[in-house]
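Subject: Structure handover

Hello,

Here is the structure we spoke about. Please open it first, then read the notes below it.

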Amino acid sequence: MSQPLLGVTALDLTRLLPGAICTLALADLGADVIKVEDPRGGDPLRHMPPAVNGRGVYDRLFNRDKRSVTLDLRAPGARDVLDALAAKADVLVESFRPKTARRLGLDAVSLRTRHPRLIHCAITGFGQTGPYADRPGHDINFVALAGLLALDRTSPDDPPRMPRMLIADVGGGAMSAVAGILAALFAQARTGQGSTIDISMHEGALSWLAFPAARWLVQGGEFDAADLPITGREACYNVYRTADGRYLALGALEPKFWAEFCAGIGRSDLIPLQHATGDAQARLLSEVQSIIASRSRDEWLRLFADVEACLVPVNTVAEALADPHIAARRAVLPARGATVIRSPIRVATDPAVALDPPEPPAPGEPPVLGAHTDLVLEQAGFDPGARARLRSDGVIG
């Protein structure tokens, strides 16, 4: 696979997960990602448990293939260093609350006044404007405010369940930022001008409501989760327990797939009942549950191996990582001391390469804090004497 961002330099001033995943995707696409960290411990992601062999697992997974520079952004003289780095960069990604970014001179207006070609991407909880702009928050806060926690219940009286995935951080923040940066790089190549990208993780989570709240968005009135075909009320889109205590996931939303499924279980008489309502749907669901519970998971998988019914196993994490399709796609790769999941963004100029990619290079090691400070600052024009003065003044580590 080609790396279309070769030659692009991105400064990563973010902390914790959303920014780390965003800039990891840029690194996987070929960008030179320079991670700018506080000399007093660096990104908290480095120290977040769990740890293996004394090093945080999130640091190992999400800071690979980056370069690390220490810089105390609050110290006198730090702005000159950052400006020297920004002058040679294409992209700067930060995750400070707006008031903090303004205090440090890292807000879009300040930075792009000094560096008009720079792409400035701010990943924040609530965006740069509005009454919540300077509030702190984390994924659970954003998905709660966005209404997503309220969706994950069988009835309105059920308590919300704790999510096991970071929806706002990853889907609403990191990947939205990647999309914005790629669009801005395209504009930069055409016009020579930079861009300002305002990513709100709260709004990113809110955008996930477009499907479940579609009827309400179009028609208004009272929102009713029962309108959804994906709540577990319908037999055609559900999870089923097998005789050996394992589970299968059925996604037979289209009539043709439902028909194939019914034929596969020997009950073509159930085909007309796919979207039955009320007690009829409840009886259908109970009937299918009993049928699936009569055989083991692997028996059903063998029976449906060549049937297009959208029936798959509910994999464990270990099974998911060892899936033969994932292996064929080389989506999971061994790295020194770890196994890493590649970015899902694949780009190749040659369609033959896209369809049959060569073995990708082994993922790089995550840098120790400040490992590249001297090299990066030398490339930015700071001679040994200047670096020594910055170090003695506590500006760099």
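A residue is called buried when its relative accessible area is under 20%, exposed when it is over 50%, and partly exposed in between. By that rule, buried residues make up 41% of the chain, which has 397 residues. Please keep in mind that this is a predicted model.

Overall layout

The chain holds 18 helices and 13 strands. Its C-alpha trace spans about 85 × 50 × 45 Å along the principal axes.

Start with Thr23. This residue sits in helix 1, which covers residues 17-28. Is Thr23 buried or exposed? Its relative accessibility is 0%, so Thr23 counts as buried. Ala10 lies 13 residues away from Thr23 along the chain. The C-alpha atoms of the two are separated by 7.7 Å.

A nonpolar surface patch

Now turn to the surface. Four residues form a nonpolar patch there: Phe211, Ile230, Tyr237 and Leu253. Together they have about 340 Å² of accessible area. Tyr237 belongs to strand 9, residues 237-241.

By class, the lining of the second largest pocket has 18 nonpolar, 5 polar and 5 charged residues.

The cavity

Rolling a probe the size of a water molecule over the atoms shows where empty space is left. How many cavities of 30 Å³ or more does a search of the whole structure find? The search finds 1. The largest cavity has a volume of about 30 Å³. Its lining is made up of Arg60, Arg64, Ala335, Arg336, Ala338, Val340, Gly364, Glu365 and Pro366. By class, that lining has 4 nonpolar, 1 polar and 4 charged residues.

Best wishes

Definitions and conventions:
Residues numbered from 1 in each chain as written. Predicted model: local features only at pLDDT ≥ 70, side-chain atom pairs only at ≥ 80, totals over all residues. Heavy atoms only, no water. Patch = residues over 30% accessible without salt bridge, like charges linked within 9 Å, V, L, I, M, F, W, Y side chains within 5 Å. Areas by Shrake-Rupley, 256 points an atom, 1.4 Å probe, with all protein chains shown as cover. Salt bridge = Lys/Arg side-chain N within 4 Å of Asp/Glu carboxyl O. Helix = DSSP H or I, 4+ residues; strand = E, 2+ residues; numbered from the N terminus. 1 Å grid on protein atoms, 1.4 Å probe; cavity = no way out; pocket = protein on both sides within 12 Å on 5 of 7 lines; lining within 4 Å. Points joined across faces, edges and corners; volume = space filled by probe spheres on them. Nonpolar A, V, L, I, M, F, W, Y, C, P; charged D, E, K, R; others polar. Buried < 20%, exposed > 50% of the residue type's maximum accessible area, 1.4 Å probe, protein only.
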